[in-house]
Amino acid sequence: MKFVQNIFDQTRPLVEKDGKRNILYPLHNALETMAFVPDHTTHSGAHVRDAIDLKRTMVTVIFAMVPALLFGMWNIGRLHYGAFGEESTLMDNFLFGALKMLPLITVTYAAGLGVEIFFSWKRNHPVNEGFLVSGLLIPMIMPVDIPLWMVAVSTIFAVLIGKEVFGGTGMNLLNPALTARAFAFFAYPTWMSGDQVWINTKGDEGAQLVDGYSGATAMGDLATTVGQGLNNPATETVMAQFGSEGTYSLMNAFLGLIPGSIGETSALLILLGGLFLIFKGVGSWRIMLSFFIGGLVMAGIFNAFAVNEFMALNPIHQLMLGGFMFGMVFMATDPVSAAQTETGKYIYGFLAGFFGIMIRVFNPAYPEGIMLAILFMNVMAPLIDHYVVEANIKRRAKRLANA
Amino acid sequence: MSQSFKIRKGHNIKLVGDAPKNDLGNVSSTTYAVSPLDFPGITPKLAVKAGENVQAGDVIFFDKDRPEVKICSPVSGEVAEVKRGAKRKILEVIVLADSTITYASHGAFDLSSSDRGAAADHFAKTGVGALITSRPYGVVASMHEEPRDIFVNGVQSGPLAGDLAYQLEGKDAEVAAGLEALSLMTTGKVYVSQDGEASNIAALNHDKASAITFTGKHPKGVVGTQIAQVAPINKGDIVWTVNAIDLPIIGRAFLKGEYAPGYKLAVAGSKVTKAGYATMLQGTNLASLTSEHINLDNTRIIAGDVLTGSKVEATGFLSFGKSQITAIPEGNSTEFFGWVLPGFGKFSTNRAFWAWLFPNRKYDLDTNLHGEERAFVVTGEYDKFIPMDIFPQQLLRSILIGDIEKMEQLGIYEIVPEDFALAEVACTSKLPLQQIVRDGLNSLRKEMI
């Protein structure tokens, strides 16, 4: 690997303090530390250190996302060919999806890392690894047909306002990936909702959509049942899709064979990633578990007091739809924006899941209630932590008083 | 009846190069050094000049703010040099030793008396008071303060720690006298801890001390952990801590009036060619030991263990109060894509590397940091290594922003840097936790005095 090291050594003078391309120093440093774990040794405190670093933590999260990502690519192709009634093989589906997905990923990384590198240079610190994960999360929660420039603008907004203004990775209040999605959702609503964007239907020239083909998501369809009351014949066709034979059947939702944001559809593979994260000790099982329970409780309450078909949906089915599972495993568990105390994590997770289902069902204009609920709980997390820490402070004060 | 505690949070770092019970003999040197840098919280004021003769136990320097805190010479001889650094800061006082040590005699102390004042005076003038650490702040104790309790730590559970029973062998009378002397200093309790997983050391069972037993993981052998389980420190409390291995030194000062700060010291680590126990005084020049028993090629020599010890040069001097020498490889080399590889052979407390499959493997760790420093990102990580009722990350944040009130509320009085050593090893963001805690304690102390 000597020649790789040589490349870094030879280009270093260019980017160092007095070099002509100093602005590229963070990029140089990021690439070099990526290629080689640096030779830094301990100089204060403990003399030996754990092999773990933030790069390892982040790459572990990326590994956990890969199954859902690959499935999402395949699903893009499957839905596309399905919409035109064309036959396709597994490979056709996957390649079609990969061709749609790769530009999204590239644009996200380029836009986000550009901002990160600029701030690293300004603040004179190395590029943080946080965006490695955010940069992959963002394309996974976008609809397939969103224009690339919108993704770029959303990403830049998220990194800038969601993270850098607070001081960068570790200081941010909001989850940057969700901030990107929220920005896109409110700035370009027509591209982020409705029944046009979830399946790539800009098909081959001359091809016709299959008659009566709907490209809506389960959330969008369920929203139409609100205000119709239970057992209304008007909602029958919609609800039939949620039956065991329908498009959005529990099994299809669990496996992910439904339209939706690219990476969020397969509950199975997301759960697999979640188990991997828990097993590796990188993702908080406290948050995931309490998030699931929170969602289940809310969906259970709705189910018990249902006044429309959306509320009446089987609670487990409810949780398999939309971004619930994805939010639970990959969004709510972001350690920086989540509650930081172990007790706080239970409360935070529970409320995020609880409110997620509540927003989704009560306000059908926001089918992605999960996203808003997690962002809301991001803001509330410091408050939860405050009370948990305050309890410790009180306990200590009490001990002093009794001493 | 001893109270038992099991420490569930923590981690035993298993390193190669254990010291077998192998006597490496006496190690002496022509020069010895006393360094103020070994004593946090002391502003040194010299009591001797270069060229003066001293006896073992004569004061070399004392604390400007607390003159009763005295640091004494381990040997007799001539003060050869006072080494100074920037702004004339005293780095080392070097003593050229006589061939046979003569002791400044302070006379034996009648331990049957219960005169606290006289005992305190004896502690101060014989120099053994410097072996006592005072909490909060983790500084050398002043004999003018009266501690709530005294904790004598008889658990050595750090990486490659020596076998205390072996190190204290043949010193029963001094150990007993040391405990007797300490019991005069407090109206509270003298707690003596022992390792429930090692053989019980009979000499440490004293009728004036309360026995406590610890089992489980390291940091069971960190006295802060023990205090937190038994009787946590409140604001306003003063608690003294003493390492059991120092008891014979205290005992001898009371039985004979002599200051002879020596240990049977564990010499261990993967870079040690012949591991074992060497008998040495504090401040001994390490050159002969290191050239004989340590492979010096790209080696870090540590006085103490890898968690809390201080780096010393191969030709440097043994730091104060350290009863272990560890030698491990320097980690000054890069590793190609080390953060992506599965890491079957990498030491980690985290399952992110596959080495968790081999929990009993011993590691040959080097000093590589394994990454660059980052902001706090991962949460709940430190809690796994600090068995105390505190919120480590919140406390560290309060220190970093200098919020004294918050530090107090979050329990800074209960901690000293070594309590955070294991968390520092595990820290994903590679933050200097022990240094942060030390800075916090210093700023708090400045505010309080």
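Guide: The C-alpha centres of domain 1 and domain 2 of chain B lie 25 Å apart (the bounds come from an automatic or database domain assignment). This is a predicted model, in which local features need pLDDT of at least 70 and side-chain atom pairs count only at pLDDT 80 or more, while totals for chains, interfaces and linings use all residues. Residues are numbered from 1 along each chain as its sequence is written, with chains lettered from A and ligands numbered from 1 in the order in which they are written.

Domain 1 of chain B covers 11-328, and domain 2 of chain B covers 369-448. Between them, 18 residues of domain 1 of chain B are in contact with 17 residues of domain 2 of chain B (C-beta atoms, placed from the backbone, within 7 Å). On the domain 1 side, helix H4 (residues 223-230) of chain B gives the largest share, three residues (helices are DSSP runs of H or I, at least four residues, and strands of E, at least two, numbered from the N terminus). That side of domain 1 of chain B has nine nonpolar, seven polar and two charged residues (Ala, Val, Leu, Ile, Met, Phe, Trp, Tyr, Cys and Pro are nonpolar; Asp, Glu, Lys and Arg charged; the others, Gly among them, polar).

Towards chain A, chain B contributes 62 residues to the contact and chain A 47 residues. Elements giving two or more residues on the chain B side include strand S18 (299-303), strand S21 (335-336) and helix H10 (433-448) of chain B. H9(B) gives the most, with four residues. By class, this side of chain B has 25 nonpolar, 25 polar and 12 charged residues. S21(B) also pairs with strand S1 (residues 36-37) of chain A, in the antiparallel sense over two bridges (DSSP must find at least two for a pair). There, B:Glu335 is the bridge partner of A:Val37.

How values were computed
Two residues are in contact if their C-beta atoms, placed from the backbone, lie within 7 Å.
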